[in-house]
Amino acid sequence: MEKLKPCPFCGGEADYYPADPNIQLEYEAERWGNIWVQCMECGASTIECDSFAEASEKWNRRADNE
């Protein structure tokens, strides 16, 4: 999984979350989709994504990206 940038709003640390809290393993989360990234400080998050790669791409994108 790609390293997540700090939250663009508060600078807090972010982590991946599966839509189903019963899913514990990374491969299970990606298999069933619905993964998002959320800031552990302020709660800012991405929309639900189909993979860790898509979720990290959305989270790590900033206004100054080309």
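From the N terminus on, the elements of the protein chain follow the order β-α-β-α, and they amount to two helices and two strands, where helices (H or I, at least four residues) and strands (E, at least two) are DSSP runs numbered from the N terminus. This is a predicted model, in which local features need pLDDT of at least 70 and side-chain atom pairs count only at pLDDT 80 or more, while totals for chains, interfaces and linings use all residues. Residues are numbered from 1 along each chain as its sequence is written, and side-chain values use heavy atoms, with hydrogens and water left out.

**The chain as a whole**

- Of the 66 residues of the protein chain, 33% count as buried, a word that here means under 20% relative accessible area, whereas exposed means over 50% and partly exposed lies in between (1.4 Å probe, protein chains only).
- The accessible surface of the protein chain comes to about 4800 Å², and 47% of that surface belongs to carbon and sulfur atoms; such areas come from the Shrake-Rupley method with a 1.4 Å probe, and for residues only the protein chains shown count as cover.
- Among contacts (heavy atoms within 4.5 Å) between residues at least 6 apart in sequence, 39% join residues at least 24 apart.

**The two strands**

- Strand 1 (residues 14–18) and strand 2 pair in the antiparallel sense over five bridges, and two strands are said to pair if DSSP finds at least two bridges between them.
- Within this pairing, tyrosine 16 stands opposite valine 37 of strand 2.
- Strand 2 (residues 35–39) is mostly covered, since four of its five residues are buried.
- Glutamine 38 also lies in strand 2, but with a relative accessibility of 24% glutamine 38 counts as partly exposed.
- Glutamine 38 and tyrosine 17 are 21 residues apart in sequence, and their C-alpha atoms are 7.2 Å apart in space.
- Leaving aside residues up to four places away in sequence, glutamine 38 touches several residues, including Glu13, Ala14, Asp15 and Tyr17, as well as Gly43.

- Which residues of helix 2 are buried? They are Phe52, Ala55, Ser56, Trp59 and Asn60, and these residues cover an arc of only 120 degrees around the axis, which puts them on the same side of helix 2; the arc is that of the directions from the helix axis to the C-beta atoms.
- On the other side of helix 2, Ala53 and Glu57 are exposed.
- Serine 56, which has its place in helix 2, is buried with a relative accessible area of 1%.
- When residues up to four places away in sequence are not counted, serine 56 touches Glu2, Leu4, Tyr16 and Val37.

- Lysine 58 and glutamate 54 are four residues apart in helix 2 (residues 52–60), so they are separated by about one helical turn.
- Lysine 58 is partly exposed at a relative accessible area of 38%, and glutamate 54 is likewise partly exposed at 27%.

**The nonpolar core**

- A nonpolar core is a set of buried Ala, Val, Leu, Ile, Met, Phe, Trp, Tyr and Cys residues joined through side-chain atoms within 4.5 Å.
- The largest such core has twelve residues, among them Leu4, Tyr16, Val37, Phe52, Ala55 and Trp59, and the elements that give two or more residues to this core are strand 1, strand 2 and helix 2.
- In soluble globular proteins, nonpolar side chains tend to be buried together.

**Residues outside the helices and strands**

- Proline 8, placed in the segment before strand 1, counts as partly exposed at 44% relative accessibility.
- Although proline 8 and tryptophan 59 are 51 residues apart in sequence, they are 8.8 Å apart in space, C-alpha to C-alpha.
- Proline 8 touches Trp59 and Arg62, when residues up to four places away in sequence are not counted.
- Glycine 43 is found in the loop between strand 2 and helix 2 and is partly exposed at 31% relative accessibility.
- The C-alpha atoms of glycine 43 and glycine 12 are separated by 9.4 Å, with the two residues 31 residues apart along the chain.
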